[in-house]
Amino acid sequence: MTQVSSKPRRDLGRPLSSVPIPSEAAAAENNPNLAWTKKQMLVPDKRPNHDDMANAIRALAMDSVEKAKSGHPGLPMGAADIATVLFTKVLKYDAADVTWPDRDRFVLSAGHGSMLLYTVLYLTGEPSMTIAELQRFRQLGSLTPGHPEYRHTPGVETTTGPLGQGLGNAVGMALAERMLDAEFGSIVDHYTYVLASDGDLMEGISQEAISIAGHLRLGRLIVLHDDNHVSIDGPTSLADSVDQVKRFQACNWDAVRIDGHDPAAILRAIRRAQRSPKPSLIACRTTIGFGAPTRAGTAKAHGEPLGAEEIAGARRSLNWPYEPFTVPEPILAAWRRAGKRGARHRKAWKAALTAMHQEKREEFERRLRGDLPAAFGEAVLTYKRKLAAESSVIATRKASQAILESLAKTVPELLTGSADLTPSNNTKVGATADIGPGAYTGRYIHWGVREHGMAAAINGIALHGGFIPSGASFLIFTDYCRPALRLAALMGIHVIQVMTHDSIGLGEDGPTHQPVEHLAALRAMPNMLLFRPADQTETLECWQLALEAKASPCILALTRQNLPPVRNQFTPENLSAKGAYEVASADGGRAKATIFASGSEVSIALGARSLLAQEGIAARVVSVPCLGLFLKQDRAKRHEIIGEAPIRIAVEAAVRQGWDAIIGEEGIFIGMTGFGASAPFKDLYNHFEITPEAVAEAARKHCGS
Ligand SMILES: Cc1ncc(C[n+]2csc(CCOP(=O)(O)OP(=O)(O)O)c2C)c(N)n1
Ligand SMILES: [Mg+2]
């Protein structure tokens, strides 16, 4: 038999000669119901054992990739033993309800191995994952896309593919579990398991993720490393010599190395990990493409179909003589039994939920649904009335802090935190205590200088449910967490990022810290809502919208510098909700110019309007706190807001990109064309000519022309 592992292997099963070989050619590929045809009668002559069950994963994965003519057979074949142990012996998992709140989470961080997850969902009996779906792997509209997609395929806990993200999400899930447990008791009591590949652990985000998890002592987080020593370019030794066990240990994890094809060793290691107060790494030494006669153990097994000959060889070496997409009934039945293992846990959990004190249970259920508290709307209005009466000159980051102070008690599910910029981001409020190692009752998370780890973990907290998590940093450092922000947008999850110091207005820190292209770049991201409020009232409105935006991640871009109020009339309506609104109408007749602006530049636009008014040029000002929401309005509404004035000017201390949607190609843009500079902020606005005078001058010129 072909050597498929560098290590001595257990017996793979019976000698080949005793296996009945199917006489008919397989019509299997085209028959979605094949799993239940008479071919099933071709049964193994003994009770299914671990190998049979793991080989079912291997065979379905290689057959699906082959049929799709694309995909990654190596990981599912290599990690099949790990998945089999997890799903048949460990996970609190019920295939009949894969969204049951207290299920163990399984995160396939190495999303390219999606076939591992899809085959397991099919084998365990998740109702929507049929053999037909496996046969439609990677096809339009199938439940089996190239990489696992959250909300698309039942049983997929998070969208993965960009390596390292799933690991980061899992940290958030494990933290959310502890925090909910601290608040609601043992009704929340589960583990979070991750399957991570070499690439997951090579990515920088893994360091941020594991150091946070180790620090916070997330003992219910268990990472299984598919330690196959192979990545796309070849052996990992081409580019890597990290001792992962030592690295994890240095980050306050328990870490062991085991044979990833030995089910008993896998189970032992998991049981030990479950008891550890620290998060655990189990480095499972595996062979990529296990079973493939020439490709196993090589990069050739990673990401392409094996081909007919290699597949035939794999069937022989794995002792799997069955036709493509065929799992013999006894093996399928054993898997289906495994898929029901969690049913009794789910039932017991439901009973415990019913027995909970009614008020507490209703609160718990509300939190899991993601509904805001009934008192939320009124709390916003009360605070809004107060703001209208105050009209203070204040930085929007400070306004945001005051809002958080006022809303934190009403919205207990709101988590805040910062990547080591707490005093600058102004995200900490009196009502929120810190989360710390072993202390999970707080509401504030010090993420350390780890923007990427923070954003990925926050995604995980939202995915887990029970909280509306927010993170914070400087807007410039959205670059450091953009991959996680993008996945939040793609998944449509409810996360909020408070990103302060949003322009050259931050001043002296200079061009390294001054975002110029970031507003445009973040607005370009589908389903990401970027808010840039102009004063404290708009900041409140934008917070309200962000807290209500259940299916879109939101970024609040806030100023370091103080801003005057642009509104001091109380309006119960949230004027920011349409993304843009007229904040000042044209004085004395039809507007000759409309000046559009966001955030700190709205007051500049208002200044220009006053200057122009003195010269008899009527101008109106439109505040644009969220360009994305504005562009979603229907044509009539957009036209109404844009108005008829012949001159259109946009003012934003950033690049022009995106504004043409409002002002058109002929419109005038007052903003940045390059990087900023280090100086006090007023000097910078003067230097870059983003001033009321410059705006008025531009309007004047066009009036004359
Ligand atoms: C952030 C990111 N960079 C690059 C890739 C492309 N990619 C997919 S898998 C992979 C590495 C494969 O090695 P490994 O993670 O060990 O997986 P295995 O081949 O063992 O299944 C790469 C570079 C990616 N998916 N994500
Ligand atoms: Mg690998």
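A polar backbone atom of Gly-199 lies 2.7 Å from an oxygen atom of ligand 1, a polar contact in the sense of a pair of N or O atoms within 3.5 Å. The structure is a predicted model, in which local features need pLDDT of at least 70, side-chain atom pairs count only at pLDDT 80 or more, and totals for chains, interfaces and linings use all residues. Residues are numbered from 1 along each chain as its sequence is written, chains are lettered from A and ligands numbered from 1 in the order in which they are written, and side-chain values use heavy atoms, with hydrogens and water left out.

Side chains also reach ligand 1. An N or O atom in the side chain of His-112 is 2.8 Å from an oxygen atom of ligand 1, and for the side chain of Asp-198 the corresponding distance is 3.1 Å. On its own, ligand 1 has 570 Å² of accessible area, of which the protein covers 74% (areas by the Shrake-Rupley method with a 1.4 Å probe; for residues, only the protein chains shown count as cover). Two or more residues of the shell come from each of helix H7 (198–202) and strand E4 (230–231); helices (H or I, at least four residues) and strands (E, at least two) are DSSP runs, numbered from the N terminus.

How many residues surround ligand 1? There are 15, and the closest are His-112, Ser-197, Gly-199, Asn-228 and His-302; a residue is near a molecule if one of its heavy atoms lies within 4 Å of it. The shell divides into 6 nonpolar, 7 polar and 2 charged residues. In this grouping Ala, Val, Leu, Ile, Met, Phe, Trp, Tyr, Cys and Pro are nonpolar, Asp, Glu, Lys and Arg are charged, and the others, Gly among them, are polar.

Asp-198 is buried, with a relative accessible area of 9%, and Val-230 is buried with a value of 9%. Buried means under 20% relative accessible area, exposed over 50%, and partly exposed in between (1.4 Å probe, protein chains only).

Attention now turns to the backbone. Although Asn-426 is not a glycine, its phi is positive, at about 55°. Asn-426 sits in the loop between helix H17 (422–425) and strand E10 (444–446) and is buried, at 6% relative accessible area. His-501, also a residue other than glycine, has a positive phi near 60°. The loop between strand E12 (496–500) and helix H20 (518–523) holds His-501, which is buried at 5% relative accessibility.

Finally, the cysteines. With a disulfide taken as a pair of cysteine sulfur atoms within 2.5 Å, the count comes to 0. Cys-251 is in no disulfide, and the nearest cysteine sulfur, that of Cys-284, is 19 Å away. Cys-251 is buried, with a relative accessible area of 13%. Cys-542 is buried, at 0% relative accessibility.

Technical notes
A polar contact is a pair of N or O atoms within 3.5 Å; within protein, one must be able to donate a hydrogen and the other to accept it, and residues adjacent in sequence count only if both atoms are side-chain atoms.
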